[in-house]
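Subject: Structure handover

Hello,

Here is the structure you will be taking over. My notes on it follow below.

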Amino acid sequence: MKRIITSPIYYVNDRPHIGHAYTTMITDSLVRYFRLIGDDVFFLTGTDEHGQKIERSAQAKNKTSKEYADEVSAYFKNLWDYFQISYNRFIRTTDDDHKRGVQHAFLKMYRKGDIYKGEYEGNYCVSCETFVTSFALGDDTHCPECGRDTTLIKEESYFFALSKYAPRLLEWYANNPDCILPRTKKNEVIHFVQNDLQDLSITRTSFSWGIPLPSELGEPKHVMYVWLDALLNYITALGYGNDSSKMDYWQHQYHIIGKDILRFHAVYWPAFLMSLELPLPSHIAVHGWWTRNGVKMSKSIGNVIDPKVVGDAYGTETFRYFMLREVPFGQDGDFSQRALMDRINSDLSNTLGNLLSRTTSMAQKFFGGSIRAESAQIRTLFATEMDEIESILASLPELAQQVALHRYLEELWRIFMLSNAMITQYEPWKMLKEGKDEQVQALLVLIANALLKGLVMLYPVMPQSAQKALAIVGFECSPTLFLRMIERKEWLESFTLKVCEPLFLRITEALMPESSSSAALLEPKHTTKPIAQNKEQQKHQQIDVETFAQSQIRVGTIQHAEKIEKSEKLLRLLVDVGEEKPRQIVAGIGKSYVAESLLGQQVCVLCNLKPTKLMGVMSEGMILAAKDSHGLKLIAPVAHITAGSTIG
Ligand code: ME8
């Protein structure tokens with residue numbers, strides 16, 4: 001299938017920070033995923049170089065706009081090359097073919113009667129390059145988006161008849177459930193179209209750094225509005241208005257954007273496409289902001305982090321894994337070096353790295369590196385685990401298509417965690433002593449298969465690391481070769497594993513200087529929380545169902561309870577939550593309950609809480625309880641229900 005997947009084209013008013021890198025990394029991972037499954041993907045990125053904002057930034061540096069754009073655009077391009085971003089075209093809106101394509105589109109819309117001449121009077125935000133309507137402004141003059149003061153402008157302008165497209169836009173949103181992802185973002189767009197859709201001023205006369213109108217119109221004073229110019233890059237890059245040579249990629253489209261530019265992409269852009277009689281985007285996928293201590297990262301505030309500094313310190317792919325895994329797609333997240341280190345240590349070093357080294361060293365030690373077992377035998381011995389791995393793998397395509405890459409990685413990691421848990425549970429070294437060589441080989445072949453399949457699916461996010469790890473598992477070839485095997489649920493029967501150096505080292509000390517940002521990077525300790533709110537705000541804050549669904553609350557049955565020595569209120573519980581082994585949970589309920597009375601008691605357990613140690617005892621979840629003036633009571637189901645049943 002042919003597709004186009006795009007990142008935004010970035011303004012060249014300043015150098016990129018990790019927010020820009022985040023968008024590009026998501027886009028690259030999605031592109032690599034679709035290429036992995038065999039699609040022919042055109043990956044477009046680039047720079048947005050016209051407009052008043054760039055003109056002013058260049059003037060401030062005593063450079064011409066073009067000189068300044070050349071410099072900053074090259075910086076972006078070099079950065080994407082450094083991060084091995086696999087783009088097909090790095091477009092610049094100062095490219096000649098782009099300019100011709102934009103003029104062609106303008107003329108087509110004009111001739112169709114969708115563009116007319118008038119006068120614009122109203123407020124403009126140079127920083128957002130946007131006209132701010134009186135509806136959005138209210139009594140204020142500050143931009144509702146960025147908070148900067150807007151300028152009142154009154155000038156001759158051409159307008160695009162946007163309002164006439166409102167009914168078709170609303171119909172498009174209604175008929176295409178996945179046109180905006182995550183789906184929850186659609187409502188604000190619909191609200192805007194229903195309440196505030198005015199015709200759009202698309203030319204400016206008060207400055208000159210922009211694409212001139214087509215000469216046929218004889219309007220040398222006018223330049224194009226930068227957003228019309230910029231959005232059209234998605235088709236001019238494919239030859240629109242020139243040779244149209246690559247327009248066949250314009251069939252299945254993903255635009256990856258930040259939430260700040262949703263309206264431009266979900267309202268203006270489809271309306272322009274309707275006017276040009278071209279297919280509308282299949283998906284506009286919207287991510288949240290990276291913040292520092294709850295404030296959006298932005299150069300003007302001085303709280304930005306240079307992605308190259310992070311890449312140099314921690315490795316480009318490790319950083320990329322962190323960015324994509326740490327924050328649910330669509331939500332904001334606070335960056336801290338501590339969170340980055342924790343994520344590397346827990347997921348990459350402890351889980352994946354450990355699994356690789358345990359598996360290869362056992363295969364070496366026990367069988368000289370070569371292991372073999374028949375699939376039928378593996379299935380006889382480990383059917384449950386095999387089924388679980390298959391079902392996780394089968395869930396990945398939908399998560400990728402929804403751009404829920406944090407969930408994609410979370411699921412993928414369940415394969416690695418399950419494999420580690422099998423080693424702990426079956427203790428192959430003991431099985432060997434009992435003469436069960438065949439069973440041990442079957443176990444190791446199963447785990448090698450799990451690693452092979454998991455690493456293939458990790459390839460889109462960590463291409464080089466996945467390939468290095470695949471070589472350890474015995475395969476120095478393209479991951480695409482294994483895709484059919486995964487789809488057909490086939491299992492390889494023999495592996496030759498290599499001895500491996502640790503792929504992901506544990507990080508014990510911060511590797512970046514604290515001065516990498518104006519704020520201390522190691523703080524706050526608990527990170528990636530949504531933008532800070534006070535208690536009163538939290539009380540009224542509404543969450544969507546996806547946010548709630550992130551909490552895995554299950555029914556558990558207490559199998560063992562004892563007091564923790566030296567603690568007045570902590571009890572150590574073993575709770576069956578429907579997994580192979582009961583969870584150890586430390587609960588602060590010792591003043592309200594005697595340990596022995598809890599045996600067999602059913603409770604509600606938050607299962608995906610990060611494990612933590614309390615009084616030196618590891619706790620792997622939280623028991624839900626409520627407290628009033630009479631004391632604390634456990635929350636329990638009103639009738640007995642199977643342990644592990646999901647609450648929600
Ligand atoms: O808006 N967190 O360009 P831009 C996460 N030229 N992502 C962030 C971010 C943050 N703190 N800050 C920026 C433009 N981004 C236009 C786009 S497209 C036809 C024209 C990301 O340089 C985010 O994806 O301001 C945002 O949408 C993009 O950078 C905007 O970059």
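A residue is called buried when its relative accessible area is under 20%, exposed when that area is over 50%, and partly exposed in between. With a relative accessible area of 48%, K489 is therefore partly exposed. Please keep in mind throughout that this is a predicted model.

Backbone

K489 also has a backbone feature to note: its phi is positive, about 55 degrees, although K489 is not a glycine. This residue is found in the loop between α19 (483-487) and β17 (494-496). N62 is another residue that is not a glycine but has a positive phi, in this case about 60 degrees. The loop that holds N62 runs between α2 (52-60) and α3 (65-82). N62 counts as exposed, because its relative accessibility is 75%.

There is also a cis peptide bond, which joins L181 and P182 with an omega of about -10 degrees. P182 sits in the loop between β7 (180-181) and α7 (186-196).

Ligand

Which residues come nearest to the ligand? Of the 24 residues around the ligand, they are I9, Y11, T23, D48 and W290. By type, the shell divides into 12 nonpolar, nine polar and three charged residues.

For Y11, a backbone N or O atom lies 2.9 Å from a ligand oxygen. For D260, a polar side-chain atom lies 3.1 Å from an oxygen atom of the ligand. For H287, an N or O atom in the side chain is 3.2 Å from a ligand oxygen. On its own the ligand has 670 Å² of accessible area, and the protein covers 95% of this.

The elements that give two or more residues to the shell are β1 (2-11), α1 (18-36), α8 (226-231), α9 (233-236) and β11 (253-258). The largest share comes from β1, with four residues.

F76 lies in helix α3. With a relative accessible area of 0%, F76 is buried, because the cut-off is under 20%. Leaving aside neighbours within four places in sequence, F76 is in contact with Y10, Y11, D14, R15, P16, H20, T47 and F90.

R89 has its place in strand β3 (residues 89-92). Is R89 buried or exposed? Its relative accessible area is 17%, so R89 is buried. The side chains of R89 and D97 are joined by a polar contact of 2.9 Å. Beyond four places in sequence, the residues in contact with R89 are F42, F43, L44, T45, D95, D97, T236 and A237.

In soluble globular proteins, nonpolar side chains tend to be buried together. The largest nonpolar core here has 187 residues, of which F160, W250, F335, V403, L412 and M457 touch the most other members. Helix α17 (residues 437-458) gives this core its largest share, 15 residues. Taking L412 as an example, its contacts beyond four places in sequence are I392, L396, G454, M457 and L458.

Helix α13

Q337 lies in helix α13 (residues 337-367). Its relative accessibility is 0%, so Q337 counts as buried. The side chain of Q337 reaches the backbone nitrogen of L511 at 3.2 Å. Q337 and M512 are 175 residues apart in sequence, while their C-alpha atoms are 7.9 Å apart in space.

R338 is in helix α13 as well. R338 counts as partly exposed, because its relative accessibility is 25%. R338 and E390 are 52 residues apart along the chain, and 34 Å separates their C-alpha atoms.

Regards

Key
Residues are numbered from 1 along each chain as its sequence is written. This is a predicted model: local features need pLDDT of at least 70, side-chain atom pairs count only at pLDDT 80 or more; totals for chains, interfaces and linings use all residues. Side-chain values use heavy atoms; hydrogens and water are left out. A residue is near a molecule or strand if one of its heavy atoms lies within 4 Å of it. A polar contact is a pair of N or O atoms within 3.5 Å; within protein, one must be able to donate a hydrogen and the other to accept it, and residues adjacent in sequence count only if both atoms are side-chain atoms. Accessible areas come from the Shrake-Rupley method with a 1.4 Å probe; for residues, only the protein chains shown count as cover. Ala, Val, Leu, Ile, Met, Phe, Trp, Tyr, Cys and Pro count as nonpolar, Asp, Glu, Lys and Arg as charged, and the others, Gly among them, as polar. A nonpolar core is a set of buried Ala, Val, Leu, Ile, Met, Phe, Trp, Tyr and Cys residues joined through side-chain atoms within 4.5 Å. Buried means under 20% relative accessible area, exposed over 50%, partly exposed in between (1.4 Å probe, protein chains only). Contact means heavy atoms within 4.5 Å.
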